[in-house]
Structure formats: C-alpha cells, structure tokens
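Please work through the exercises below with the sequence and the model open beside you, trying each task before reading its solution.

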Amino acid sequence: PYRVLGVGRSSSQADIKKAYKRLAREWHPDKNKDPGAEDKFIQISKAYEILSNEEKRANFDRYGDAGESQGFSQQQHRQFHRFHDGFYFDESFFHFPFNSERRDTSDEKYLLHFSHYINEIVPDSFKKPYLIKITSDWCFSCIHIEPVWKEVAQELEALGAGIGVVHAGYERRLAHHLGAHSTPTLLGLINGKITFFHNAVVRENLRQFVENLLPGNLVEKITDKNYIRFLSDWRKDNKPHVLLFDHMPVVPLLYKLTAFAYRDYLSFGYVYVGLRGTEELSSQYNINVYTPTMMIFKEHIDRPADVVQAREMKKQLIDDFLSQNKFLMVTRLTSQRLFQELCPVKKSHRQRKHCVVLFTGEGEKFAEAYEAFLTFAVANTKDTLRFVHIYSDRQPEFADALLMDEEKYHGRSAVVILERRNNAGKIAYKALEEAWQGSKEDNFILLDLLDQLRTDPGLLSSETVVSDLNDELAPMFLIRWFYSTLDYVSDCWDSLFHSNWREMMPLLSLLFSALFILFGTVIVQAFSDSSDTRDAPPSGKEEAAAKTEKNDASFNKESNSRIPKKGFVEVTELTDINYTSNLVRLRPGHMNVVLILSNSTKTPLLQKFALEVYTFTGSSSLHFSFLSLDKHREWLEYLLEFAQDAAPIPNQYDKHFLERDYTGYVLALNGHKKYFCLFKPHRSGDEGGTLGSCEDYNTSQHVEARGKSSSSPGSRSIKNKLHKLSFWMERLLEGSLQRFYIPSWPTLD
C-alpha cells in the first residue's frame, strides 16, 4: 500500500490522505479513459483503506498482512496447519466472505465515497435513477441477497440505470446521510430524492422498484388516433419527437430509462404494433412489425428525420442515435441554457461555431419567411453552423441589442450571424442589410456571407453585450409551488409508512405533543365548565328566602348573582368539601393564596384583598380562597406551629389564645410540595372597628377589585391590614419568601 500511494512508512495521516485524493482524482474511471484505470483506482482505494486505519496499518507494518490472520505470525500459522496431519480447518473451504479482502470483487467498481456521492452521483441522478446497496462485514443477510443483487445490478446497468454500493463500516458518514441504520439496505435515488426498498429481494421486485422511481408521463402510448397530434406538438414543445415501434405490450424499461435521460431534449412515444388501431400508423411509415424501429421526427411530420432498426436495441446504439438528433433543424431559442448549448463559446480556432439567428414573430404573417429559412437550413447544414430562430416580442432585450431597433426591421423578419466570445454575454455579430423575406436574393446574400465567414472570421465586425434570455417554457410560480407541495406531501406520506422510525421520531414526538396539549386543554376546559356550573349562584327563590333570614345576605346575593366580568376576582371559600381538590391534591406548580377572615371582617377584607391581588389574577397557577377563622381556628393554629417566628405557640395555660386575632393573615399554600408562605398583616391604628355579623355566606365570592372602599374608620383600619399585600405577592412569584414545610396537611373539620 505504501508503494501504491507513493508515501513512506513514516508518513502522517495527512500526507496519506493528500496522496490518496491526488491519485483518486487522476485514476478515477469516469475521468481517466485508460483501460487499466479501473484496476488502478481499486488498488488506490484498497491501499488507503489499510493505511487510513491505524490498527490495520500497524498490523501490516508488523506482519505484512492486514487481513483476518493479522494477529498471527507466519510460524504460528504454520503450526496451526500442522496441528493434525489428518484434519485441519481451512476457511477457504467454507468461503465466508466476511472480510473485505476476501469479498467478491464484483462490488468494487460500484463502491461510493461521500464526496463522490455528493459531487457526482446526486447530480447524475437527474439523468438516470440509481439503485444503491448498503452493506457491511459480518452481515449474513448481505451474503444471502448477493446472487440476486449481482444479477440485477448487471442487468440494470446494461439498461442505463446507475448502481452504487456503500460499505457502512468504512463510509459511516455516507450511510448515515442516506438514512441507513441497518444492513443490508436497498434504496433508490432519482432527482436527488431517496426512496427505500421494502419488498422481498428478488429480481422482479428490484426491476419494478427501479421502474416505479421513474415519472409516469415519460412515454406516451401512440395509436392511429393521436399520432398526428403527438408529432405536431414540436412547435409547442420545441423538441424533436421520437417514436419506438415494438411488439411488446408494455413499454420496455430500457426505453423508459432512455426517455428519462433525454427528457429535456426529446419527447417520446411508444407504438405497440400488435395492438388493433395502429395499422394506419405502421403502414404510413412502412414499419417492419417484427423488428423494433425507432424514428425521430422534427419539423416535418410526414417523414422521419432519422431511423434506426435493430433486432435487439442496445443502450449504446440508442444513445448514439439520439445524441445526434437532440435538436430541431431550426430550434427556437427559449432559454439561456439552450442558447449556451446551441451556440457555445469558442475555445479555439478549430472549435468555432457560428449561429445563424432568424428574428421573427408568431402568426401567418411570418410563416413564409420562416419556411424559407428552414429550407435554407436543411440545405446548408454543417458542423460549424447552427440555425436557430427567436421570437422578437418574447425576447425584446436580446432583439434590440442586435437589431439596434432599426425601423427597417419593424414588423419583419431579420437574420443575424453571431459568435459568442465569452460567458459574460459578449457577442460578435453581423446582420443582413435588409429584412429577411426568404427570396432567392436573400438566400444568395446569406450563402455568400457564410462562405466569406469560413475564410475571414473578422467579417463579424460588430460587438455587443446581451443579457440572458428569458425562460419562456418555465412553469408559473403557482404551478411550481403546487408541484413542490405535492412532492413534499408525497415525501411525508412515504416517510410516515416506510422510512426508518429513528428519523420519524422527532416528527411523531411533535405531533403527539400537539395532540396531547390540544386534548388536554379541551378536557381541562370541560372540567372547568362543570365546576362553574356546580358553583353557580342560587336561584331567585333561594335568594328571596335568604334575604328574609339574614340581614347581610343581600351582599352575598348581589355579589354572587352578578356575572363575573373584568375587574372581579373569584375568591372561593376553603371548606371541608373542596379542601382536598383545592389544596391536598393541588397540581404541581400551583399555589392557593388563602385569606384569613372572620364573619365581622369579611366584607372589607375581601374588598381590599381583591384590590391587592387583582394584578396577579393573570397567572393560571394561582388560586384565591378565604378561610373562616370562626370555623377553622384550630386548623390554622396547627399550621402556625410550624412558623415559630410568626406567632407564639398557644398552650392550655394561655387563657387568651382563643381571643388571638388572625384576621388579615394570608397563607400561600403549595399542596404538592407541602409548604406555605405567610403574610402577617400590617398593624396601624384601631383594629376594633367591625361590621355587622355575617353568618350565612356562599362558597364562592366574586369581589369587585375596583369597588369603593367604606368610609367608616373601622373599615379603613381593617383594610390597612392588607396594605402591603401586593409587594408580598411579588416576592411570592419571585420565590424569595421564607417557606415553612409541614409533614402532611391536617384535616379540615
């Protein structure tokens, strides 16, 4: 391997890689036509395979062998064979082709490397489909399909399909790029798009797979009814039309592959001569029904421009035949690509090519001039001349640059002889003095100029720079967008059912996450609606009965009978009924902010509480409740035992503990993590002012945050307890408050 790559034994990996790249470019079979280039390229690849792997290189340096016997010395190997004179194990008897050095060399010429695949195979897939196999060492399934693969590869390659082999062990980057996560994997490549093979590996399935890669509209079925329309489309398509006459009922794969390769230049039709309805067609063109016949039609549909017949149509024969007839006799310039191909830039004096351009228009007015120019082109066809025509109204910039917008050419045809000087648009040209009418005099003048041009290239005395031609046959944006969308949907559909699940996991994860969020929102909304229905305000009769029983029930009735709207805060009483759902089993991340009040302080405290917390109601993780001190003082005292700094622990000797005032305390309860934060009321002034008793009240209170405060001094003193609650709420959301943890939530009796 050192000798093959031309490097020394002490060379670094960078030197080896540099030598390999240089030799691979020089001896690649696609670029070097030497008969021994293919064998030389294989030797270079094998040498690099050994020297680029440090373990194989070390074994080669030590034992002179990089194969499976690399760990044994020659003496050990001989001793192994002398172990018993009558019996020894010889791996060649079983012929397990696991090791790359003993593998069948039929795949060697198809081996792909990443750069070769990206730079050559992908662009070439726009001309022919590729069938690619991903294989590896120690792959029993690869050995199993090897005979079928070898037969199909040789057959498809002869028909014009591309074949590739990727060794996943040495080309992991390429195997990952192709999406192959197991071996063997078979896939097709066409137009840069990858399609995986999922059927049983048999000859018929592989042939059908390659055929299905091709577009379905490549070849049109032709009969007596549509052949005139098909051949007459040369004006619209600006292409010669090819007819293949054969006695096969289905279009041969060879013909489909050929149609795909030449689809930019030719339109293809197929005539099944054994079908009723093709007799007139076969008779008109004098077809031998027993021999496959290929005809090319150009501007004249009554007679073919060229014909080839052969009992066995070979790819090389078809390619030679079609490559000589890729263009019409007088092709219309419809794009810059076509202009560059028909009128190439001169590279040397011997490679000069001149284009004779007819500037004309559409309609019967210009038909006579065009027919005369076509007749002249047919009679004077040469390798150094290209006859083309162009519609002046469709390429106005190009026409104005060469005809100088002269009056004598307006509404008439004109002929210009030109030669492209560079790819930047520089052109040397000469226009006929008068407009082209197709008369004998015009023919003589043009013929004389062409004769002078052969001996005097300086005849093209005028020079100008022209802009690129418009692409007249390019599809509209909406059509391109539609086809792109269709391809994308097709790819997604194919990926959903056939692609590797590892590739589909991100898309599936995103899809199921979106569905989970959607249905989760619906379910939560449904439970929320049922909760609102359960907590709905009482009927009118119940409100009337409550009004006669209690004096202050009117406040509850008015506040609860109103529909909640902007400016109101929903505050739910914490009772033994909703205690579990609102606290003990509160969802993670949610907190219940509970206001401690008594019957006498309920109204002013709720109004002030709503005013202070209203700006925080936008958070869905905060819930607001109030707790009656008259009913649940014992529960509150138990919680406060875990907040030693909040209040002294009451004991049985403290006769005033039942009179301790906890109104205005606010607890932020985290039911999931079992902790709470405490707000101690702001004490200032007289706290003794009270309102009337309020014994009967509903579970849910809707308190107006913008409500007017009471004007009594007692009411103001009670509300002052919550004076700095909004600042405390901000610290609660910041997470900077002290947390008091409890072992478990006590029951609320």
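The model is predicted, so local features need pLDDT of at least 70 and side-chain atom pairs count only at pLDDT 80 or more, while totals for chains, interfaces and linings use all residues. Residues are numbered from 1 along each chain as its sequence is written, and side-chain values use heavy atoms, leaving out hydrogens and water.

**Exercise 1.** Determine the order of the strands in the open sheet of four strands, and state which strands form its edges.

*Solution.* Strands here are DSSP E runs of at least two residues, helices are H or I runs of at least four, and both are numbered from the N terminus. Two strands pair if DSSP finds at least two bridges between them. Applied to this sheet, the order reads β2-β1-β3-β4, with mixed pairing. The edges are β2 (162-167) and β4 (193-196), each of which pairs on one side only. Next, look at β1 (residues 130-135), which is joined to β2 in the parallel sense over six bridges; Tyr130 stands opposite Gly162 in β2.

**Exercise 2.** List the buried residues of helix α18 (residues 396-403), and find the elements against which they pack.

*Solution.* Buried means under 20% relative accessible area, exposed over 50%, and partly exposed in between (1.4 Å probe, protein chains only). By this criterion the buried residues of α18 are Phe398, Ala399, Ala401, Leu402 and Leu403. Taking contact as heavy atoms within 4.5 Å, their packing partners include α16 (336-342), β11 (354-360) and β12 (385-391).
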